[in-house]
Structures are given as structure tokens and as C-alpha cells.
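Trainee: I've got a structure open and I'd like to learn how to read it. Can we go through it together?

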Amino acid sequence: MKRKTLRLYLVVISLCLLGIATTLVLNAFDRELVFFFSPSEIVAEQPVPGRIIRLGGLVETGSVTKLGDGATFSFRVTDLKASTTIAYRGVLPDLFREGQGVVVQGAFNESGNFVASEVLAKHDENYLPPEVAKALKASGRWQEGAGTGATPAASPAQGEGTSQ
Amino acid sequence: MHRFANPGRFLRLATRIQPWLKGLTALGFALGLYLALWGSPPDYQQGETVRIMYIHVPAAWMALLAYLILGLASASALIWRHPLADIAAEAISPVGAAFTLLALITGSLWGKPMWGTYWVWDARLTSFLLLFFLYLGHMALLGAFDDRGRGRRSAAVLALVGLINLPIIKFSVDWWNTLHQPASIVRMNGPSIDPSMLWPLFTLAATFHLFLLAVLIERMRTLLLEARLRNQRLAAFDQLQPGSRA
């Protein structure tokens, strides 16, 4: 075999082995690599109070309220199967609105309420001029929250009925 | 293909096409930036901030493309020992690093008003930062040895190992949930960007490709001329002092 061919095989085989190794490692760390958990996972696992976690999903329509002190917001984050109530004291990002994706970081307190220390808005992959968005909504072809990542199978029929 | 891989032929060809390439790049930037800044609508949610996307997305694509070129050049340098492949690898890595940094900075500037933070450690952002470090590592390794050949070989191995990061960057938004949004252009059911915003993006993306090519050729030309100059100096030195370099 010529040296060139030998080197070619060597490079190809090492890259294949490296690819397999990386795949195995990434699979093993799958749970550490997610940026946030969904409300369903939270409901299923009941994390210990005080442990800092990130929770992602859609802000449930009609759930955003301001509490008595005027600076604390309360809202529910849903993945259309389960939802979690969040309390957050601070300034909300511009893109924060009902039906939009968010990622909140915080922890459950002793009484089982999720207190967020940080709220990040999650933008989806749709880019539209305002007029087109308005026209789509008017013609009923609008899919609220479609493709926000937290809910791969989000349907237009999103709403109150799906919360716990 | 080997016909064009001859350094002398490459230099002659480069001299001929460089003016055209640079002219086209300038025209492309003028048209693309006009479309991106004035000739396109604001987004229904992001408002005017969407315009950052017209630089961020092409810059990120070029960062990936430059790494692919670096990987292929490194592979052919290792396997076929082609001198021009070594030159190409050495020429492309600072360019790729610059595009990576541009994508990181523009993304961060977009992230603050939209997400509410400059930076998060999600899979997409972290793997992209790793790309930047791979470029820096490649540049550092190239110059880390007294023997140029050894430096090039170890840098080429690093570049090949780093290739594994490319699919991770691309699919990070699909494999794991991330704060970064999933792909808008290269995806199964067509782009999810309105045509009025797609055109400025495609114009600038095409221009970025031309720009990458022009800069790559310019740097390869410089590196080749430098090598030629070095050889001539050594030859002149040998003539002045015969027998001084055994």
C-alpha cells in the first residue's frame, strides 16, 4: 500500500472513532446539556427546594398578574401538558409576553413556589414584518407559540384547558 | 485539480481574479447593507433589532465554512503533503477566528435587548465559543515549534479533531433545548423568514462568501510571497558566505 493511501485511511478511521467517542460522551451527558427543563419534567421529578434550576416553556395566556407590592410578577409557564407558577421580582425583558417562550432561572422555596431570579425571553425562528403578522392573524393562519422549542408539537389550540 | 494546486500557477491566477473579486465584494456590501438597513421592514416582535441578524447570521455561516476549509486543507496537507494546502490552512484560521468573534459579538448585542442577557451557557453558544478557541489554538500551534513543519502537522491534527464540533454547532439547537432559536433557513420545511427579510440576508451572505474568498486568496498570496522571499534571502546569504551553512 502506498504511504499516501495509508495516511488517508488513518485520517478517515481516526475521525470515525473520534466521532463515535463524541457521540457516546454527548449521549451520556444528555441531561446536563439541556439548557432548561419543561414543566412536565418538573412535575414528574419534584426537585428539592433550594436547588437552582432553569425552567422553559410558554407564558400561559391570561396568567400574568402583578402582586400587591407592585414589583413582583406572577405567571404560569406551560408546555401545554403541565404548568408551573412563577414569582419574579424585577424587570421583564422586552419580548416577554403571553404566549411567548421564556426561560426562568430560580428555585422552589419551602412552600413549593418557584421563585425566579432571572427571566429570559426565548425568541422563535420566525421573522415577519408587522403587517404580514397582522394579516396572518386576521386570516386565522397564525400558530401561536409554534416552534418555540419548548413545545415541539404546539398546536393553535393552546390555552387554559391544558394546565393542571 | 493538481494543475491549480501549483503555487506559481495559483499566484498568476490570483493576480488576475483578485480585482474582480474585490470589486464585486464592495458592490455586494453596498447593496446588502442598503437593503439590510433601509430596504427591509422591522420585525413584528424584534422591531429594528432584527437588523443585527443580517450581519450575525452570515458571519456565523462564514465562521463554519472557514473551519470546513481549514479542516479540508489540513486533511490534504496531512495526507497528500501538499504545500498549497498548508498555506491555505495557515491563511484561513485568523479569518475564521475574526468571523467567529463577529458572530459572537453581534449575537451578544442582539441577546441583551431580546433575551435579556448578553450571554448564556446553552449548547449553541458554548459550542460556538469552542469554535473560537479552536481557531486560536490552531494559530498558536502553528507558531509553537522552531521546526515549521512540526508546527503545521500538529496544527493540522488539531484542526481535524475540531471538525467534530461543526455538526455539534449546527444541530445543537435540535438535539438539546437551548435559549438560541432553532434554524430559520436551512431546515426541513423551508425558511421561516419573510421574503422581504430573506433578500437582504441572502445578498449579504453572498457578499460574505466573496469577501471570505478574497481575503483567503490575499493572505495565501502574502504567505507564498513571504516564503519565496525567505528562500531568496537564504540563497543570497549562502552566496555571500559559501560554506557557512552546512
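Trainee: How many bridges join β1(A) to strand β5 of chain A, and how do the two strands run?

Mentor: Keep in mind that this is a predicted model. Strands β1(A) and β5(A), the latter covering residues 101-108, run antiparallel and are joined by six bridges. For one spot to look at, find A:I53, which sits opposite A:G106 of β5(A).

Trainee: Which residue in β3(A) is the bridge partner of A:V59?

Mentor: That's A:V77. β3(A), residues 72-78, also runs antiparallel to β1(A), with two bridges between them.

Trainee: And how covered is β1(A)?

Mentor: A general idea to start with: side chains in a regular strand alternate between the two faces of the sheet. As for β1(A), residues 53-59, it is mostly covered, with five of its seven residues buried.

Trainee: What about the contacts between chain A and chain B?

Mentor: On chain A, 34 residues are in contact with 35 residues of chain B. Elements α1, β6 and α4 of chain A each supply at least two residues of that side, and α1(A) gives the most, with eight. By class, the chain A side has 21 nonpolar, seven polar and six charged residues.

Trainee: Why does B:F211 count as buried?

Mentor: Count the neighbours: the cut-off is 20 or more other C-beta atoms within 10 Å. B:F211 has 22 C-beta neighbours inside 10 Å, so it counts as buried. You'll find B:F211 in helix α7 of chain B, residues 195-240.

Technical notes. Residues are numbered from 1 along each chain as its sequence is written. Chains are lettered from A and ligands numbered from 1 in the order in which they are written. This is a predicted model: local features need pLDDT of at least 70, side-chain atom pairs count only at pLDDT 80 or more; totals for chains, interfaces and linings use all residues. A residue is buried if 20 or more other C-beta atoms lie within 10 Å of its own, exposed if 12 or fewer, and partly exposed in between; C-beta atoms are placed from the backbone. Helices (H or I, at least four residues) and strands (E, at least two) are DSSP runs, numbered from the N terminus. Two strands pair if DSSP finds at least two bridges between them. Two residues are in contact if their C-beta atoms, placed from the backbone, lie within 7 Å. Ala, Val, Leu, Ile, Met, Phe, Trp, Tyr, Cys and Pro count as nonpolar, Asp, Glu, Lys and Arg as charged, and the others, Gly among them, as polar.
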